[in-house]
Amino acid sequence: MSDFGLLDLKILDKEVMLEAVKLFPKPEGFMGEKLFPSRPTASNIAVWDVILGYYGKAGYIAKGSEAKPIAQSPIARQLQEVAYKKEKIFLDANDIRWRRQPGSENFDTIESEIAREQEHLSIRLDVTNEDETWKCLRGTLSYTLDNGSTISIDYGIPASNKITITAADDKWSNTSAKILAQLRAYKQLCKGVNPTLLIVSPQVMDYLISNTQVQEYCKTQLGSEIAKEGKITRLAGLEVIEYNGGWTDENGTWHKFLDDKEAFIVPSVCGERLVASCKEADWKGQRFLYAWEENKDRQGTWILGGEYSLPALRNPYGVVNLVNVAPT
């Protein structure tokens with residue numbers, strides 16, 4: 001029997017918590033897990049192959065000739081230490097006990113509170129991972145550690161794939177801009193992949209809906225599509241996804257993952273999220289939760305959640321980031 005009785009609850013058994021953390025729903029609309037599906041890795045060093053453009057064509061030989069030797073595929077290897085993310089929440093013993101129904105040993109209220117705090121820790125990890133996703137797709141992931149140090153990772157997206165529209169006539173806020181022609185040209189910048197998604201902010205979606213060329217091109221279906229969905233769902237061979245994800249800081253300020261004047265052209269899967277195996281997860285490559293009790297100055301139970309992971313971009317030439325499609 002533990003000092004406060006909480007660690008006797010099944011919900012705080014470590015094996016149960018390691019399974020439960022896989023089942024918490026992701027925040028609605030987040031795309032990080034779709035674009036970078038999680039994959040375990042045995043080490044805290046994330047290692048992945050980076051495709052450097054096209055593979056080239058196979059050569060011809062005369063009948064009966066020996067095979068022609070070629071160089072290995074144009075792939076580089078990137079090594080980067082994973083990002084360590086870990087937080088904890090303290091449940092005061094008195095406060096938790098007082099939540100029981102008077103004169104009973106009913107644990108329903110306690111378990112609901114514990115489950116809520118476990119999910120809270122998991123959602124905060126989801127938000128951080130989502131932030132990493134969009135920074136990765138811009139080409140650079142930078143973050144600051146608790147000791148003040150800054151880590152910066154360059155994913156190698158070429159400058160040619162980071163587009164800032166400069167001409168006023170080409171800005172997407174201009175209703176006469178030739179957006180379809182631009183999209184066809186931008187898609188050709190993606191090498192080694194078939195881009196399938198155009199991910200835009202709500203403001204950029206408004207630009208698309210208002211564009212004269214887009215309206216004319218989609219005349220037969222645009223009206224009913226907007227009436228039913230409130231957005232355009234497909235354009236220039238790309239599935240159009242309106243993305244409005246964000247997070248709230250300690251002051252209640254809302255921060256968007258995508259800028260109002262930003263868009264991305266990407267394949268349906270851009271890489272993986274490499275999750276390091278660790279002691280906290282019983283040497284599994286996954287997110288972890290566990291609990292322990294404190295009985296000195298404070299008395300209660302700590303719940304800790306964390307993940308040691310990093311997004312791995314497989315093909316930096318397969319992503320296009322439209323940085324500024326409208327005037328500042």
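**Figure 1. The aromatic cluster.** Tyr-84, Phe-90, Phe-288, Tyr-290, Trp-292, Trp-302 and Tyr-308 form one aromatic cluster. The model is predicted, with local features requiring pLDDT of at least 70 and side-chain atom pairs pLDDT 80 or more, whereas totals for chains, interfaces and linings use all residues. Residues are numbered from 1 along each chain as its sequence is written, and side-chain values rest on heavy atoms, with hydrogens and water left out. The whole structure holds 10 aromatic pairs (rings of Phe, Tyr and Trp, the last by its six-membered ring, with centres within 6.5 Å; planes under 30 degrees apart are stacked, over 60 edge-to-face and the rest tilted). The ring centres of Phe-90 and Trp-302 are 4.9 Å apart and their planes lie at 55°, so this pair is tilted. Because Phe-90 belongs to strand β4 and Trp-302 to strand β16, the pair ties together parts that are 212 residues apart in sequence. Phe-90 is buried at 19% relative accessible area, and Trp-302 is buried at 11% (buried is under 20% relative accessible area, exposed over 50% and partly exposed in between, with a 1.4 Å probe and protein chains only). Tyr-290 and Trp-292 also make a tilted pair, with ring centres 5.7 Å apart and planes at 35°. Trp-292 is partly exposed, with a relative accessible area of 28%.

**Figure 2. The largest pocket.** The volume of the largest pocket is about 800 Å³. It is lined by 28 residues, of which Lys-85, Glu-87, Arg-124, Val-127 and Thr-128 are the closest to its centre. On a 1 Å grid over the protein atoms alone, a pocket is an open set of points where a 1.4 Å probe fits, with protein on both sides within 12 Å along at least five of seven lines, and lining residues have an atom within 4 Å of a point. Grid points are joined across faces, edges and corners, and the volume is the space filled by probe spheres set on them. Two or more lining residues come from each of β4 (83-92), α4 (108-138), β5 (140-144) and β11 (246-248). The greatest contribution, 9 residues, is that of α4. Helices (H or I, at least four residues) and strands (E, at least two) are DSSP runs numbered from the N terminus. The lining comprises 12 nonpolar, 6 polar and 10 charged residues (Ala, Val, Leu, Ile, Met, Phe, Trp, Tyr, Cys and Pro are nonpolar, Asp, Glu, Lys and Arg charged, and the others, including Gly, polar).

**Figure 3. The second largest pocket.** The largest share is from α4, with 4 residues. By class, the lining has 7 nonpolar, 6 polar and 10 charged residues.

**Figure 4. The nonpolar cores.** The largest nonpolar core contains 39 residues, and Leu-35, Trp-134, Leu-137, Ile-199, Val-266 and Leu-313 have the most contacts inside it. Such a core is a set of buried Ala, Val, Leu, Ile, Met, Phe, Trp, Tyr and Cys residues joined through side-chain atoms within 4.5 Å. At least two of its residues come from each of β2 (45-51), α4, β5, β8 (197-200), β13 (263-266), β14 and β16 (299-313). The largest share, 5 residues, is supplied by β16. Beyond its neighbours within four places in sequence, Leu-137 is in contact (heavy atoms within 4.5 Å) with residues including Leu-35, Ile-157, Phe-264, Val-266, Leu-313 and Val-319. A second, separate core of 29 residues includes Val-214, Leu-238, Val-325 and Ala-326.

**Figure 5. Two residues with positive phi.** Most residues other than glycine have a negative phi. Ala-236, although not a glycine, has a positive phi of about 50°. Ala-236 is placed in the loop between β9 (234-235) and β10 (238-242) and is buried, at 17% relative accessible area. Trp-283, likewise not a glycine, has a positive phi of about 60°. This tryptophan, Trp-283, occupies the loop between β14 and β15 (288-295) and is exposed, at 59% relative accessibility.
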